[in-house]
Amino acid sequence: MEWNLADAKNRFSEVVSLALAEGPQRVRHRNDTVVVVAEEEFERLTGQRPAFKDYLTEGESFEGIDLSRDPSPSRYVTR
């Protein structure tokens, strides 16, 4: 549903209740629009991921993966 700002302000409880029960509620202010969304939906949409450090320490194991460096030069330089 889309609300104008004045109505959303006056009926904020209803806007929040509808966001929780039915889904995102759009609030229009002049030429801009914001969305009121339930936290669970926000987390799903933003795809909260673990920090890189946590991913490395708690993620999949690197056991069995060959991590040795290739000894060949990475590029050839000509003069």
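Two strands pair if DSSP finds at least two bridges between them, strands being DSSP runs of E with at least two residues and helices runs of H or I with at least four, numbered from the N terminus. The structure is a predicted model, in which local features need pLDDT of at least 70 and side-chain atom pairs count only at pLDDT 80 or more, while totals for chains, interfaces and linings use all residues. Residues are numbered from 1 along each chain as its sequence is written, and side-chain values use heavy atoms, with hydrogens and water left out.

**Exercise 1. Describe the sheet, from its strand order to the pairing of β2 and β3.**

Solution. Step one is the order: the three strands form an open sheet, β1-β2-β3, with mixed pairing. Step two is the edges, which are β1 (2–4) and β3 (32–36), each pairing on one side only. Step three is the pairing of β2 with β3, which is antiparallel and runs over five bridges; within β3, Val36 stands opposite Gln25.

**Exercise 2. Determine whether Gln25 is buried or exposed, and find what its side chain reaches.**

Solution. Begin with the position, since Gln25 belongs to strand β2 by the DSSP definition of strands. Its relative accessibility is 2%, so Gln25 counts as buried, where buried means under 20% relative accessible area, exposed over 50% and partly exposed in between (1.4 Å probe, protein chains only). Next take the polar contacts (pairs of N or O atoms within 3.5 Å; within protein, one must be able to donate a hydrogen and the other to accept it, and residues adjacent in sequence count only if both atoms are side-chain atoms). The side chain of Gln25 makes one with the side chain of Trp3 at 2.9 Å, and it reaches the backbone oxygen of Gly23 at 3.0 Å. Finally, leaving aside neighbours within four places in sequence, the residues in contact with Gln25 (heavy atoms within 4.5 Å) include Val15, Leu18, Ala19 and Val34.

**Exercise 3. Locate Gly23 and state how far its C-alpha atom lies from that of Val77.**

Solution. Gly23 sits in the loop between α2 (12–21) and β2 (25–29), and at 14% relative accessibility it counts as buried. The C-alpha atoms of Gly23 and Val77 are separated by 59 Å, the two residues being 54 apart along the chain.
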